[in-house]
Amino acid sequence: MAKFNDEQLNYFQATKGAYSEVTEREATGDKSVTVDKLEKEVIATICSLDSFARGGGGAMDIKPDTLTFNVWSEGTYLKKELVIKYPKSQGNELRLYFKKGSGFYPEFGEVWFIFVIDGVQELFIGSMMKDTFNNLTSTDAKKIAYEVNNTIDEEDFNYIKAINAPKAHNEAASYYVTSQHRDVTLAAQVMRRKNYTCEFSKNHSTFTSASTDHPYVEIHHLIPISNNKDFAYSLDVQANLIVLCPNCHRAIHYGDAETKLPLIKTFYKKRKAALASSGIEVDFKRLLSFYGIN
């Protein structure tokens, strides 16, 4: 449990905030978090702490047991009704309950946070991994770059899993996965055209895939698909798809600048013209910025 420091207040444009680490019991058993002293202080700037209902089998309580929160999600906010109440008929224990589909469903080891913004009479909450939370406000360039690359393709795991499934290699018609609407069949076709070899070095060895009976490889979008909104045309095109061995794929996501730079430079030279032919124009400096490299 701690108050927002100046950097955290600035990052969230908040006037007051607090956060706590989610315990294993809260995440796996209670499915709720205890609202401690500092978090209560944040809530008290918006509404009275006496306004919440009590449970515990006491006398009927007509006070509301839900409150509208602005749930933080990657810089955007979704208004959601969440249960917040005193679970016992007596005492000061106040609990905020998780709700699937609300965006507030923290896991063990994550940080949950609550804050207020000047001039807004509503509460803001969210959760994220502890390291991510700490690095959001870090002045350390390496930490900032890591977080940029950690969120390049948030649904990458499901996409890679779908590409390497038998269906992707047997289907004639296209089909799509994830909210980014990536064509799995197209990706499988690109793998076949590249003969299931790493485009950074054909000498990179990997294990044999049980699905394809070929070396296991993965697909990476050179211009991260998460930037699709900034381009007039879809980034899910052949010119933007790179076949990589698992090691190179992890390196281009999570390596330091010295590790990522040769990969990005190589593929930019190879694909610049093809990308332009697909209506996708990007200069090298801008491409580097997508990977947290200035």
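**Figure 1. Helix α3 against the eight-stranded sheet of the predicted model.** In this predicted model, helix α3 (residues 37-44) lies across β1, β2, β3, β5 (76-85), β7 (110-116) and β8, and runs at about 145° to β2. The sheet itself is open and has eight strands in the order β1-β2-β7-β8-β4-β5-β6-β3, with mixed pairing. Because β1 (2-3) and β3 (32-34) each have a single partner strand, they stand at the edges, and one side of each is left without a neighbour in the sheet. The protein as a whole has 11 helices and 12 strands, and buried residues make up 44% of its 294 residues.

**Figure 2. The pairing of β4 with β8.** Strand β4 (residues 66-73) and strand β8 (residues 123-129) pair in the parallel sense, and three bridges join them. Within this pair, F69 has L123 of β8 as its bridge partner.

Figure 3. Strands β11 and β12 run antiparallel and are joined by four bridges, and H221 stands opposite L241 in β12. Strand β12 (residues 241-244) is covered on both faces, with L241 and V243 buried on one side and I242 and L244 buried on the other. In the loop between β11 and β12 is found N227, a residue that counts as buried because its relative accessibility is 13%, below the cut-off of 20%. Beyond residues up to four places away in sequence, N227 touches L235 and F290.

**Figure 4. The crossing of helices α9 and α10.** The axes of helix α9 (residues 246-254) and helix α10 (residues 257-277) come within 8 Å and cross at roughly 105°, which means that α9 is roughly perpendicular to α10. On the α9 side the contact is made by C248, A251, I252 and H253, which meet T259, K260, L263, I264 and F267 in α10.

Figure 5. In soluble globular proteins, nonpolar side chains tend to be buried together. The largest nonpolar core of this model has 25 residues, of which I223 and L287 touch the most other members. Strand β12 and helices α9, α10 and α11 (284-290) each supply at least two residues of this core, and α10 gives the most, with five residues. Residues up to four places away in sequence aside, I223 touches F231, L235, N240, L275, I280, V282, L287 and F290. A second, separate core has 24 residues, including V35, V42, F52 and L123.

Figure 6. Most residues other than glycine have a negative phi.

Figure 7. G56 is located in the loop between α3 and β4, where its relative accessibility of 57% is the reason why G56 counts as exposed. Although exposed, G56 is in contact with P87, K88 and S89, leaving aside its neighbours within four places in sequence. The C-alpha atoms of G56 and Q90 are separated by 8.1 Å, while the two residues are 34 residues apart along the chain. For the protein as a whole, among contacts between residues at least 6 apart in sequence, 58% join residues at least 24 apart.

Definitions and conventions:
Residues are numbered from 1 along each chain as its sequence is written. This is a predicted model: local features need pLDDT of at least 70, side-chain atom pairs count only at pLDDT 80 or more; totals for chains, interfaces and linings use all residues. Side-chain values use heavy atoms; hydrogens and water are left out. Buried means under 20% relative accessible area, exposed over 50%, partly exposed in between (1.4 Å probe, protein chains only). Two strands pair if DSSP finds at least two bridges between them. Contact means heavy atoms within 4.5 Å. Axes are lines fitted to C-alpha atoms, for helices over the stretch in contact, and angles run from 0 to 180 degrees between N-to-C directions. Angles under 35 degrees count as roughly parallel, over 145 as roughly antiparallel, 65 to 115 as roughly perpendicular and the rest as oblique. A nonpolar core is a set of buried Ala, Val, Leu, Ile, Met, Phe, Trp, Tyr and Cys residues joined through side-chain atoms within 4.5 Å.
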